[in-house]
Amino acid sequence: MTSYDTLLVLARLILPVELLDCFDIVEIENDAEMLTIHLDEQNLPPLSPRFTL
């Protein structure tokens, strides 16, 4: 497993599942002080409104 694969696993653990339902991880940058995760929004159809009575 490469270091990038390890960072990808870590990103999937720390980001909310709901976020990953709508976004794809496209790049991860790592330096001594910061982990930067770049996301790309998926082209999903809008959700239909839910009506509660």
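A term first: a patch here is made of residues with over 30% relative accessible area and no salt bridge, where like charges are joined within 9 Å and nonpolar side chains (Val, Leu, Ile, Met, Phe, Trp, Tyr) within 5 Å. Accessible areas come from the Shrake-Rupley method with a 1.4 Å probe, and for residues only the protein chains shown count as cover. A salt bridge is a side-chain nitrogen of Lys or Arg within 4 Å of a carboxyl oxygen of Asp or Glu.

On provenance, this is a predicted model, in which local features need pLDDT of at least 70, side-chain atom pairs count only at pLDDT 80 or more, and totals for chains, interfaces and linings use all residues. Residues are numbered from 1 along each chain as its sequence is written, and side-chain values use heavy atoms, with hydrogens and water left out.

Now the layout. The protein has 2 helices and 2 strands, in the order α-α-β-β along the sequence. Helices (H or I, at least four residues) and strands (E, at least two) are DSSP runs, numbered from the N terminus.

The nonpolar patch consists of M1, V9, L10, L13, I14 and L35, with about 630 Å² of accessible area together. Helix α1, residues 3-14, supplies its largest share, 4 residues. L35, by contrast, sits in strand β2. Why does L35 count as partly exposed? Because its relative accessibility is 30%, and the partly exposed class lies between buried, under 20% relative accessible area, and exposed, over 50% (1.4 Å probe, protein chains only).

On the buried side, 11% of the 53 residues qualify. L15, in the loop between α1 and α2 (17-22), is buried because its relative accessible area is 17%. L15 and I37 are 22 residues apart in sequence, and their C-alpha atoms are 9.7 Å apart in space.

Next, the strands. β1 and β2 form a hairpin with 4 residues between them, and they pair in the antiparallel sense over 7 bridges; pairing requires that DSSP finds at least two bridges. I25 stands opposite L39 in β2, and E27 has H38 in β2 as its bridge partner.

E27 also belongs to a negative surface patch, together with E29, D31 and E33. For charges, Lys and Arg count as positive and Asp and Glu as negative, with His and the chain ends not counted; the place of a charge is NZ of Lys, CZ of Arg, CG of Asp or CD of Glu. D31 lies in the loop between β1 (23-30) and β2 (35-41).

That is my item.
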